[in-house]
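Thanks for coming, everyone. I have one structure to walk through today, so please take a look at the screen.

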Amino acid sequence: MRTVDYFDIIGPVMIGPSSSHTAGAARIGRIARDLLGETPVRARIGFHGSFAKTYHGHGTDRAIAGGLLGMDVDDPGLRGALVQAREKGLEITFEPVQLRDAHPNTVLLSIAAPDGRELSVRAASVGGGRVLIQELNGLEVNFSGEENTLIIRHRDMPGAIAQVSSLLAGADVNIATMRVFRQKAGGSAVMALELDRLPDPSIVAALRCLRGIGDVTLLKKR
């Protein structure tokens, strides 16, 4: 007898109408904002597949905008997020895109911070409000953000993983899972570490000071 996950049936506590087209989209927008480190001033959003066909009717555009403004999936403000985006100076555009071998609920986000920093994200809403982040700035990754997750962008070099794991171990923070993605030996790389508990902010700050570390983002479980 198969075990039924009722979360897959009813989805998360959310502003509807759809767990995949609305809640998942809001979560993707929020993760992108957290990875940028602040609310963007510009965002170009490309919708693929089912997202491209139904994004207006299902509120996917409003959900993405709300996530980029820092809203969670159950925030009533999602309904008016496009208006709020204009009021807060977020210039946002939407367009259909066609991707090969992509999940039907895939979105491409290209966002820019006030200081000009840019971030590109490819992500998919895979059902029940769950999401999968697939690319960061063109680098293939694979993480969901469902647990407390450290995303560390760094240079691929000997000892990079060891110094991160050693610092966390010294702070009594256990790593539940770790995945490392890189473009090539010695090139850009990303660590995605799911943690058993949230680390102290001082630990995150210390990680940013390690040799070869470019950026550290803590995605808190929501």
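Before I get going, one term: two strands pair if DSSP finds at least two bridges between them. With that in hand, take Ile 175, which stands opposite Leu 195 in S9. Keep in mind that this is a predicted model.

Let's stay with that sheet. Four strands make it up, open, in the order S8-S9-S7-S10, with antiparallel pairing. S8 and strand S10 (213-219) are at the edges with a single partner strand each, so one side of each has no neighbour in the sheet. On average, neighbouring strands here are turned by 15 degrees against each other, direction ignored.

What packs on this sheet? H6 does, touching strand S7 (149-155), S8, S9 and S10. The direction of H6 makes about 25 degrees with that of S9. H7 packs on the sheet as well, touching S7 and S10. Its direction makes about 155 degrees with that of S10.

Now the S8 and S9 pair. Strand S8 (residues 175-182) and strand S9 (residues 188-195) run antiparallel, joined by seven bridges. Thr 177 stands opposite Glu 194 in S9. The hairpin has five residues between the strands. Look for Gly 186 there: its phi is positive, near 85 degrees.

On to the two helices. How do helix H6 (residues 160-170) and helix H7 (residues 201-208) cross? Their axes come within 11 Å and cross at roughly 160 degrees. Angles over 145 count as roughly antiparallel, which makes H6 roughly antiparallel to H7. The crossing of H6 and H7 is right-handed. Which residues meet? From H6, Val 164, Leu 167 and Leu 168; from H7, Ile 203, Ala 206 and Leu 207. By class, that contact has six nonpolar residues, no polar and no charged.

Next, the other sheet. Six strands form it, open again, in the order S2-S1-S3-S4-S5-S6, and here the pairing is mixed. Which strands are at the edges? Strand S2 (91-96) and strand S6 (139-143), each pairing on one side only. The twist averages 20 degrees from one strand to the next.

Inside that sheet, look at strand S3 (residues 105-112) and strand S4 (residues 118-127). They pair in the antiparallel sense over seven bridges. Leu 108 stands opposite Arg 122 in S4. Helix H4 (residues 60-68) lies across strand S1 (42-49), S2 and S3. H4 runs at about 140 degrees to S1.

What does Glu 91 touch? Val 41, Arg 42 and Ala 43, leaving aside residues up to four places away in sequence. Compare Glu 91 with Glu 146: they are 55 residues apart in sequence and 28 Å apart in space, C-alpha to C-alpha.

Last topic, charge. Side chains of opposite charge can pair when their charged atoms come close. How many salt bridges are there? The count comes to ten. Here is one of them: the side chains of Arg 30 and Asp 72 meet at 3.0 Å, N to O. That pair links distant parts of the chain, 42 residues apart. Arg 30 is in helix H2 (residues 19-36). Asp 72 is in the loop between H4 and helix H5 (81-87).

Over to you for discussion.

Notes: Residues numbered from 1 in each chain as written. Predicted model: local features only at pLDDT ≥ 70, side-chain atom pairs only at ≥ 80, totals over all residues. Heavy atoms only, no water. Axes fitted to C-alpha atoms, helices over the stretch in contact; angles between N-to-C directions. Contact = heavy atoms within 4.5 Å. Parallel < 35°, antiparallel > 145°, perpendicular 65-115°, else oblique. Left-handed = near helix turned anticlockwise from the far one by under 90°. Nonpolar A, V, L, I, M, F, W, Y, C, P; charged D, E, K, R; others polar. Salt bridge = Lys/Arg side-chain N within 4 Å of Asp/Glu carboxyl O.
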